[in-house]
Amino acid sequence: MSERFDLIVIGGGSAARDAAKKAAREHGARVALIEKERWGGSCPNVACSPTKAYLVAAELAHDVNTRAPTIGIEAGPARVDLARVYAWKESLKKPQEQWVAELQAQGFATYTGEATLVDAHTVQVGEDVLEAKRILIATGSRTAIPPIEGLDQVGWIDHISALELTELPESLLIVGCGAVGLEFGQIFARFGSKVTIVDAADRAAPASDPDAAATLAASLEEEGLDLVTSVFVKSVRRDDGEIVALIAPRDGSDTYEVRSAQILLAAGRVPNVEGLNLDAVGVETTKAGIVVDEHLRTSVPGIWAAGDIDAVAQFTPVAQYQARIAVADMFGDDAPAADYSVLPTAIFTDPELAGVGLTEEQAQEKGFETETVRNEHVRRFAFIGAKHGLFKIVFDRSSRRVLGLHVVSRNAGDIVQGLSIGLRLGVTVDELAAMHHIFPTFGEGVKAAAEQAVR
């Protein structure tokens, strides 16, 4: 016998929970949530939150060891006890049973198990059959496994299993030089591992502004991380307790070997679509995920998709944003089309790399006559011993409108997030130059950069 709902949400993460709450609060909907693995989703359990906890621990250890002696604080060398850091991180997490209890207390029906679409309005979970006019797929993504010969034989870790380690690996090879690879690289380097990060791209942080990426790379390399770009990991094998990776440069030059105690995969994400029966129902997909339109509708009427599963922009706030648009659309509200043009992002290394709007390259590709101004130092850097920083503004020559802002600094995410509304409202570089600022702050670097553009 089936049970009927106004909305069935497949998934228990950020997009799923926001959708369920909005549907119930604003439309009085009876909602069922289905989760097969991890209630709460990746962000609070194995991604955003626990990773940032490790970054805080790594930054504190680094500051004690590098800044304390300089500024007259006797603390002795900071040594990281990974088992205790792990225990602290675990204490910050919400237990799985609490996630379920809280969702049920809000009036949602919860089902733990694998969901399979029977048709556009029916979902099966084990022996339970659920029906609804509306279905939202929000099953997220997982670590992509690159085609490296021998990888299955040597074993590997990713951002999830790396957070489960209680003993520090002496050395670590990270495959992937994006946000995840850079953050975990700095974490383990500051904890005490020898870290090498490799990537097929021609630079670290390939999705970021090139100047910002180069500034961050210089800072990380000065700390001792080895960043190697334009290379592939051709194969891996075990030898005398170590993993030996064969590295192949993209330019065809000679291959060479890198030895490490552990290998961490951080080279992208793949959508969790297996088992959903999407092909049989007719939901269009690509290798990146489920195809959606600007209202998060799939190719099948009555089915929407939000979050990492649609691969538009894999960030927790974007998942929540998409879920709210999808719910507004499915319940007949005048839902706006999704707009990602002013999307602030950050890599939470130290210094952070944050950006919003267009990079210089993107602005030129879109046909803008661009100009850029930059500043590389603020007084606050001297207090923390920062040697590498950047505050870069990309703007349109004729209108003077700011097209992009890219910052490498401590608190860069806060700086960029606070100014992102300015980009949406059409702020000009001259208006940034004329704004009042607080001294001494990291954020005043934006004003200092803008002042260089004043006519």
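Guide: Contact here means heavy atoms within 4.5 Å. The model is a predicted one.

Visitor: Okay, then which residues is Thr-196 in contact with, leaving aside its neighbours within four places in sequence?

Guide: With those neighbours left aside, Thr-196 is in contact with Leu-172, Leu-173, Ile-174, Asp-226 and Val-228.

Visitor: Where does Thr-196 lie?

Guide: Thr-196 lies in strand 9, which runs over 194-198.

Visitor: And is Thr-196 buried or exposed?

Guide: Buried: its relative accessibility is 8%, and the cut-off for buried is under 20%.

Visitor: Let's move to the nonpolar core. How many residues are in the largest one?

Guide: The largest nonpolar core has 36 residues. Leu-182 and Leu-227 touch the most other members.

Visitor: Which helices and strands supply at least two residues each?

Guide: The helices are helix 3 (48-66), helix 4 (82-91), helix 8 (179-191) and helix 9 (210-223). The strands are strand 8 (171-175) and strand 9 (194-198).

Visitor: Back to Leu-182. What is it in contact with, again leaving aside neighbours within four places in sequence?

Guide: Leu-182 is in contact with Cys-177, Ile-197, Ala-204, Ala-205, Leu-216, Leu-220, Leu-227, Ile-347 and Thr-349. Leu-227 is on that list, and Leu-227 was also named with Leu-182 for touching the most other core members.

Visitor: What about a second core?

Guide: A separate core has 28 residues, among them Leu-33, Leu-103, Ala-319 and Ala-323.

Visitor: New topic, holes. How many cavities of 30 Å³ or more are there?

Guide: The count is one. The volume of the largest cavity is about 30 Å³.

Visitor: What lines it?

Guide: The lining of the largest cavity consists of Val-402, Leu-405, Leu-419, Leu-423, Val-427 and Leu-432. By class, that makes six nonpolar residues, with no polar and no charged ones. Strand 21 (402-409) and helix 14 (412-424) each supply at least two of the lining residues.

Visitor: And pockets? What volume does the second largest pocket have?

Guide: About 370 Å³. It is lined by 18 residues, and the closest to its centre are His-62, Ile-384, Gly-385, Ala-386 and Lys-387.

Visitor: How do the lining residues of that pocket divide by class?

Guide: The lining of the second largest pocket has four nonpolar, six polar and eight charged residues.

Methods: Residues are numbered from 1 along each chain as its sequence is written. This is a predicted model: local features need pLDDT of at least 70, side-chain atom pairs count only at pLDDT 80 or more; totals for chains, interfaces and linings use all residues. Side-chain values use heavy atoms; hydrogens and water are left out. A nonpolar core is a set of buried Ala, Val, Leu, Ile, Met, Phe, Trp, Tyr and Cys residues joined through side-chain atoms within 4.5 Å. Buried means under 20% relative accessible area, exposed over 50%, partly exposed in between (1.4 Å probe, protein chains only). Helices (H or I, at least four residues) and strands (E, at least two) are DSSP runs, numbered from the N terminus. On a 1 Å grid over the protein atoms alone, a cavity is a set of points where a 1.4 Å probe fits but cannot get out, and a pocket is an open set with protein on both sides within 12 Å along at least five of seven lines; lining residues have an atom within 4 Å of a point. Grid points are joined across faces, edges and corners, and a volume is the space filled by probe spheres set on the points. Ala, Val, Leu, Ile, Met, Phe, Trp, Tyr, Cys and Pro count as nonpolar, Asp, Glu, Lys and Arg as charged, and the others, Gly among them, as polar.
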